[in-house]
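Here is my note for your reading. Keep the model open beside you as you go through the points.

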Amino acid sequence: MGLGSQCGRLWCCCSTQLLLLTVAPWISCGKAVSSLQPVTVHCQEAQLVVIVHRDLFGTGRLIKATDLSLGPAACPYTSLNAAENTVIFEAGLHECGSTLQMTPDFLIYSTSLYYNPSPARNSVIQRTNPAVVPIECHYPRKDNVSSKAIKPTWVPFSSTISAEEQLDFSLRLMNDDWSTERPSSAFQLGDVMHIQADVRTGNHVALRLFVDSCVATLTPDRASSPQYAIIDFNGCLIDGRSDDTSSAFLSLRPRQDSLRFMVDVFRFAGDARDLSYITCHLKVTAVDQAPDPLNKACSFNKASNVWTPVEGTRDICSCCETGLCGVSGGQNFMAIGFPHTGDLSVKEADVMVGPLLILATHGLPRNFPEDQREAMKLVTQGI
């Protein structure tokens, strides 16, 4: 089945400046803030094409093509256009270390364009800052936009039952009243993130969703350093244990296959980078399975100084203080899955939300360029 591109934006972040870049295929989605398009992305059926103008910062000084690379795998450029002063990257959607995120409506392939300026020959100084441009290609999951015919596949009913094992997990930023998905991923310190986890069950039996863990990092790699645990110990929202936060799960679910939680916005101390990522490990159990220390959603209630679960008895949260949630009476709990039926097949997935743009203050520096100040206003308004 073919895929088609969808609306989105690019961020170009340096240590001292922020530039909003509008992607050519997405101009119709919103008003362009500048006629300059230093980076253009074409999201094709099986690959993405990134075209970078060598006047990346709009200063008239051309950067070196060899200082550019694509993705965590640092893929080099594929060709140059001397007449246009552009550098072209062509890569498959799964190449160069790109990551895939699934939402109920879209497949989102994420990667980054890296600019690492090399010093001039026989020089120990450099005159430009490094830059990272996160790139996303959004593809609808429901529509067929390919010109190729789809060959139907008929399967017996027994095979359809096995398809119940395929579960679609998603993680979304929501607006303050939870009514719609948040149009912007830009936040300021003092804001609260509203995050909703969902699983699309299809023909599966009724399931209950849990957020097993969530970790914040400065790169899409959840194992990178530094990192900060928001949820840990099989469903303990430990960020809410800190004195200066109100982070918590919502006590009422919209559905059993959906779970909401709020997190006070934060930055990594001592790091100038403004972008961060949150990766959560989601899992499900049968809805008739009682929550237990391995399958729970617990928040810390500061008023009563106790951990409280979204559902289930309060004792399942007692291990949140010790972190020993995989042990009870000296014996390990049964593996994640459906212990009442003996089916230990794991129903789980890692899902990421980001990049998140975290601003240090509610204002911008006085020397912030006016055109970029206007771009920032559009960003924070979700335009």
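1. Cys-236 sits in the loop between β15 (227–231) and β16, and Cys-320 in the loop between β20 (306–309) and β21 (327–328), so the pair ties together parts 84 residues apart in sequence. Strands are DSSP runs (E, at least two residues), numbered from the N terminus. Both Cys-236 and Cys-320 are buried; buried means under 20% relative accessible area, with a 1.4 Å probe and protein chains only.

2. A caution on sources: this is a predicted model, where local features need pLDDT of at least 70, side-chain atom pairs count only at pLDDT 80 or more, and totals for chains, interfaces and linings use all residues. Residues are numbered from 1 along each chain as its sequence is written, and side-chain values use heavy atoms, leaving out hydrogens and water.

3. How many disulfides does the structure hold? It holds 6. One of them joins Cys-43 to Cys-137, S to S 2.1 Å. Cys-43 is in strand β3 (residues 39–43) and Cys-137 in strand β10 (residues 131–140), 94 residues apart. Cys-137 is buried, at 0% relative accessible area.

4. Now the sheet. 4 strands form an open, antiparallel sheet in the order β11-β13-β17-β16. Its edge strands are β11 (168–174) and β16 (248–249), each pairing on one side only. Two strands pair if DSSP finds at least two bridges between them. Strands β13 and β17 are joined by 7 bridges. His-194 has Met-262 in β17 as its bridge partner.

Conventions. A disulfide is a pair of cysteine sulfur atoms within 2.5 Å. Buried means under 20% relative accessible area, exposed over 50%, partly exposed in between (1.4 Å probe, protein chains only).
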